[in-house]
Amino acid sequence: MPVLCVNVDHVATLRQARMGIEPEPVTAAYMAELAGAVGIITHLREDRRHIQDRDVELIRATCNTRLHFEMAATEEMQQIALGLSPETVCLVPEKREELTTEGGLNCVGREQHFKDYLAPLHANGIRSSLFIDADPQQIEAAHAAGAEFIEIHTGHYADAKDMNQRKNELEKILAGIRQAQDLGLKVNLGHGLNYRNILAFKNVTGISEYSIGHSIMARAIFVGLDRAVRDMADIVRTFAD
Ligand code: PXP
């Protein structure tokens, strides 16, 4: 059955808006787990704009489910991941100017680079995922790089300006899921998913995890985090195996 993993970066964004002490991402992680999240996701960015080192350490120490650590493929992050021992690392591209991760990783032609980069993580029992667009060449390359999972970037689908574009983006994702599954890759989906647009995946089989942050935190402002996570977990629970 697919499961919901909750990204708590946005809680840190709110705290960092005042460079203050609240709200605490670790509290959000704990509440999200109680409400049905099966994994907690944090992205420690190179510029530390939201999640801080202390946040991931606290979440690692208290996480009762799985910790998924999103990171750029840098030497610094590799060392942090080795010290942290998250269940999974998800490699993402990172640009300083971007508001959020804007697209998938470019793996084509860099298969061996990623294979070498992931090797020490794999040797320490950390599973790997590559965040990529639903592009056949990227999926092939992610497979060749030896990742166990890919996370298909759903942001272009979520941000589509009209029905036609949305349908095209959805078709690309569905084809990507089939291709990845044929190659033996495990598939997660994430970015821009909300309580409505996620319903397009209801009958899609073989998805491991849905990685969701912003829409849950946005709803939490009005209904509370517990209810917001439960509402999303209830949706994901009705999805095909
Ligand atoms: N997956 C990846 C790789 C991401 O970078 C993000 C955003 O931090 C998400 C999933 C979650 O996206 P959103 O916050 O739009 O739900």
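Which residues point one way from β3, and which the other way? In this predicted model, Leu67, Phe69 and Met71 point one way from the strand, while His68 and Glu70 point the other way, and all of them are buried.

- Strand β3, which spans residues 67–71, is mostly covered, since five of its five residues are buried.
- The burial holds for both directions of the strand, with Leu67, Phe69 and Met71 pointing one way and His68 and Glu70 the other way.
- Strand β2, made up of residues 39–43, pairs with β3 in the parallel sense, and the pairing runs over four bridges.
- Within that pairing, Ile41 has His68 as its bridge partner in β3, and His68 is itself among the buried residues of the strand.

**Packing of helices α4 and α5**

- Two packed helices are described by the angle between their axes together with the distance between the axes.
- For helix α4 (residues 75–84) and helix α5 (residues 111–123), the axes come within 10 Å and cross at roughly 15 degrees.
- Because angles under 35 degrees count as roughly parallel, α4 and α5 are therefore roughly parallel to each other.
- The crossing in which α4 passes α5 is right-handed.
- On the α4 side the contact is made by Glu75, Met77, Gln78, Ala81 and Leu82, which meet Tyr117, Pro120 and Leu121 of α5.
- Sorted by class, the residues in this contact of α4 with α5 are six nonpolar, one polar and one charged.

**Backbone features in loops**

- Glu22 and Pro23 are joined by a cis peptide bond, for which omega is about 0 degrees, and Pro23 lies in the loop between α1 (9–16) and α2 (25–34).
- Ser85 has a phi near 55 degrees, a positive value in a residue other than glycine, and its place is in the loop between α4 and β4 (88–91).
- Since partly exposed covers the range between the buried limit of 20% and the exposed limit of 50%, Ser85 counts as partly exposed at 36% relative accessibility.
- His191 also has a positive phi in a residue other than glycine, with a value near 105 degrees, and it is placed in the loop between β7 (186–190) and β8 (207–212).
- With a relative accessible area of 23%, His191 is likewise partly exposed.

Methods:
Residues numbered from 1 in each chain as written. Predicted model: local features only at pLDDT ≥ 70, side-chain atom pairs only at ≥ 80, totals over all residues. Heavy atoms only, no water. Axes fitted to C-alpha atoms, helices over the stretch in contact; angles between N-to-C directions. Helix = DSSP H or I, 4+ residues; strand = E, 2+ residues; numbered from the N terminus. Parallel < 35°, antiparallel > 145°, perpendicular 65-115°, else oblique. Left-handed = near helix turned anticlockwise from the far one by under 90°. Contact = heavy atoms within 4.5 Å. Nonpolar A, V, L, I, M, F, W, Y, C, P; charged D, E, K, R; others polar. Buried < 20%, exposed > 50% of the residue type's maximum accessible area, 1.4 Å probe, protein only. Pairing = 2+ DSSP bridges.
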